[in-house]
Amino acid sequence: MAAPLLEVEDLRVHFETEDGLVKAVDGISYTVDRGETLGIVGESGSGKSVSSLTVMGLTRARNARISGTVRFGGKELLGASDEDMRKVRGDDIAMIFQDPLSSLHPFYKVGNQIVEAIQSHRDVSKAQAYDRAVEMLGLVGIPEPRRRADSYPHEFSGGMRQRAMIAMALANDPKLLIADEPTTALDVTVQAQILELIERLQREFDTAVVVITHDLGVVAEMADEIAVMYAGRIVEQGPADTIFNAPEHPYTWGLLSSIPRMDAPRGDELVPIPGRPPSLIHLPGGCSFHPRCPFVRDAHRRVEPRLDPVDGNSRHKVACLLDSGTRKRLWEELQAGVKPGDARRDVIGIGRPDADQPSQDAGLDAPRR
Amino acid sequence: MAAYIVRRLIWVFFLLFVVTLITFIVFNVLPAADPALLRAGRQPSPELVESIREQFGLDDPLIVQFFRYIGDILPFVGGDGFNFGFSYQSNQEVLPQILDRLPATIFLTTGAVILWLSIGIPIGMVSAVKTGSWLDRLTMGIALIAISAPVYFLGLVALFLFDDSIGRFPLLPGSGAYQDATTFFGKAAALIMPWCVLSAAFAAIYARFLRGNLIDTMQEDYIRTARAKGLSERRVIFRHGVRSAITPIVTLLGLDIGILLGGAILTETVFNIQGIGRFAYEAIVRFDLPVIQGTVLFGAFFIVIMSLIVDILYAFIDPRIRY
């Protein structure tokens, strides 16, 4: 089997600040194969954007301490020279960003911005590059591309701007496209169009895609693999089907039950994840999700979970201290409509030494009241 | 665009009218001396003072005097075209005297602008790109000193050090040399010191301003995009960063040029350059009201015209702006 297109191994990105060491990304590993789509999901501050900017060599802060390996097509990217990284960016790996208005230069015409991207990697004339830019704009579904290429970004609508960004990103036929919250800033109706467009172009160009999002709904359709990040680490990783149908991490459950579903009965409440993401300087001891986890046990505050395969399935990995059997039962309960707090009593209570101590229960329930 | 410019020009006239009115009120309602007495010379007979008062209509109500003044300025209203009145001191027409002194002020301003831009902009860019480096700290420290040193102090120090007649290191033509010089290069040489002194604070302000702007701009999303598409860092900084960061400088520059064309009073006074600023200074000292009004009106004119030009230029620099 050929080596994967992108291999990230034990990537750490720490920032030294006056308040302490911010562990934005703390030892994550994933691979992306050619033509495959990986979804990286997490709340803001979970390190998902930082990790992919680091892959691009765009983590430029002087206080950043980066370690681990990032191999692209077998070539190590961390520590590559500026010029080598420049050649990779926009050619082998392209990136689109959250806010397409602020991501395009306001003073230059859209066509010329694409031309610039092409000419920095291809030795072609301005006219040839411009033709290619117009072709790309047509390909991403911008009507009258030759006329629109002569417009400024502010003359485009939000969706069109993101299309233009995609056209720019794909102009050099990259092997990997990193889409950082590509639809977050867009209207709901436009979101689906943009996702469809990315999928269609991915098939046409055979591009691998990394989609970074806080919204599991975005990756539901597109992703082959999903990695769920929490506080700088991957807490659950696996094929998209598995993540949606048999997730085993309480955080993933939380993410799933906070998405509105069309097939849920009316009046069904969404269940938010209580609390806020932890400070990346002072991570909670043990499992870093424990302060927000409805199923926490005492030992979870001390022992750090490892990202281990579930039931010997090497593709599905979870970093949770509950044993797999308990997790499966809990997920079934939740599926059946039991609220997390109650599920805890029913399932976790079995064999739980402190199950009868009301004081602890009260403390754990507090955020839900 | 055309409609916008017409609208703005109407504003220009209105503003200049208001400026004239205010100057007129300030000097007539709170007079420091009797204009007729000033005009009459030393120890005049009361008859002379009275006849001057009558001749210039100084007994008329202020409002009549004001509109007579405005009428004389406007070419199609009063008698003989643009007439800003006569100097109390020299009895000469004000306008030709101002025009006579304009070249010196323009020369001083132009040279200083070129000098401070060519110093301030590179320094601003370098310190923004190398934020926190020793070069950044050094240049910004010097800039702070330059901003804090007033022209009359810096000018005197420069004369003390380099004036070719009184200086410790007699290298450069000093005070009054501009009037004595007859050739273009002679005049330029005479302006070297004034240019440097006048530019110092401006160069420092522009460097700091550009530095701040560029640092902010380099945090923009479109800079990240420019890097993500694989542009060289040089291109990212110059074509994407500086292009945006330098735009607000146009506003600053336009207004500064306008202000200086109205007379760099301190510089012209310290170096004894017979420009508009020096002219205004002398007029103020001698309570020469027509000259004061003329120079104030000229200064205001340059400022409003320059700000109009800046606004029009902006539409070409920033495509998002449409009038």
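Domain bounds in these legends come from an automatic or database domain assignment. The structure shown is a predicted model.

**Figure 1. The two domains of chain A and the contact between them.** Chain A is divided into domain 1, residues 20–223, and domain 2, which consists of residues 229–263 + 271–368. Taken over C-alpha atoms, the centres of domain 1 and domain 2 of chain A are separated by 32 Å. Domain 1 of chain A contributes 24 residues to the contact, and domain 2 of chain A contributes 16 residues. On the side of domain 1 of chain A that touches domain 2, the elements giving two or more residues are strand E2 (20–32), strand E3 (37–41) and helix H9 (216–222) of chain A. E2(A) supplies the largest share of that side, with ten residues. By class, this side of domain 1 of chain A comprises twelve nonpolar, eight polar and four charged residues. As context for the view, the secondary structure of chain A comes to 14 helices and twelve strands.

**Figure 2. The surroundings of A:Leu177 in a strand of chain A.** A:Leu177 lies in strand E7 (residues 176–180) of chain A. This residue counts as buried because A:Leu177 has 23 C-beta neighbours inside 10 Å, the threshold for a buried residue being 20 or more. When neighbours within four places in sequence are left aside, A:Leu177 is in contact with A:Ala94, A:Ala169, A:Leu170, A:Thr207 and A:Val209. A:Leu177 and A:Ile166 are eleven residues apart in sequence, and their C-alpha atoms are 9.2 Å apart in space. For chain A as a whole, 44% of the 369 residues count as buried. Of the contacts in chain A between residues at least 6 apart in sequence, 63% join residues at least 24 apart.

Figure 3. The domain assignment of chain B gives domain 1 (2–73) and domain 2 (95–317). The centres of these two domains of chain B, taken over C-alpha atoms, are separated by 33 Å. The contact takes 14 residues from domain 1 of chain B and twelve residues from domain 2 of chain B. Helix H1 (2–29) and helix H2 (35–40) of chain B are the elements that give two or more residues to the side of domain 1 that touches domain 2. The largest share of this side, ten residues, comes from H1(B). The residues of this side of domain 1 of chain B divide into eleven nonpolar, two polar and one charged.

**Figure 4. B:Leu30 in the loop between H1 and H2 of chain B.** B:Leu30 is found in the loop that connects H1 and H2 of chain B. B:Leu30 is exposed because 7 other C-beta atoms lie within 10 Å, and a count of 12 or fewer defines an exposed residue. B:Leu30 and B:Gln274 are 244 residues apart in sequence and 28 Å apart in space, C-alpha to C-alpha.

**Figure 5. Packing of helices H5 and H12 of chain B.** Helix H5 (residues 94–129) and helix H12 (residues 247–261) of chain B pack at an angle of about 150 degrees, and their axes are 9 Å apart. H5(B) and H12(B) are therefore roughly antiparallel to each other, as angles over 145 degrees are classed in this way. The crossing of H5(B) past H12(B) is right-handed. From H5(B), the residues B:Thr105, B:Ile106, B:Thr109 and B:Val113 meet B:Ile257, B:Leu260 and B:Leu261 of H12(B). By class, this contact has five nonpolar, two polar and no charged residues.

**Figure 6. Packing of helices H7 and H9 of chain B.** The axes of helix H7 (residues 151–162) and helix H9 (residues 184–217) of chain B come within 9 Å and cross at roughly 145 degrees. H7(B) passes H9(B) in a right-handed crossing. H7(B) contributes B:Val151, B:Leu154, B:Gly155, B:Ala158 and B:Phe162 to the contact, while H9(B) contributes B:Met193, B:Cys196, B:Val197, B:Leu198 and B:Ala200. The contact of H7(B) with H9(B) contains nine nonpolar, one polar and no charged residues.

**Figure 7. The contact between chain B and chain A.** In this view, 18 residues of chain B are in contact with 24 residues of chain A. Helix H10 (221–228) and helix H11 (233–245) of chain B are the elements that give two or more residues to the side of chain B that touches chain A. H10(B) gives the most to this side, with six residues. The residues on this side of chain B divide into four nonpolar, five polar and nine charged.

Key
Residues numbered from 1 in each chain as written. Chains lettered and ligands numbered in written order. Predicted model: local features only at pLDDT ≥ 70, side-chain atom pairs only at ≥ 80, totals over all residues. Axes fitted to C-alpha atoms, helices over the stretch in contact; angles between N-to-C directions. Helix = DSSP H or I, 4+ residues; strand = E, 2+ residues; numbered from the N terminus. Parallel < 35°, antiparallel > 145°, perpendicular 65-115°, else oblique. Left-handed = near helix turned anticlockwise from the far one by under 90°. Contact = placed C-beta atoms within 7 Å. Nonpolar A, V, L, I, M, F, W, Y, C, P; charged D, E, K, R; others polar.
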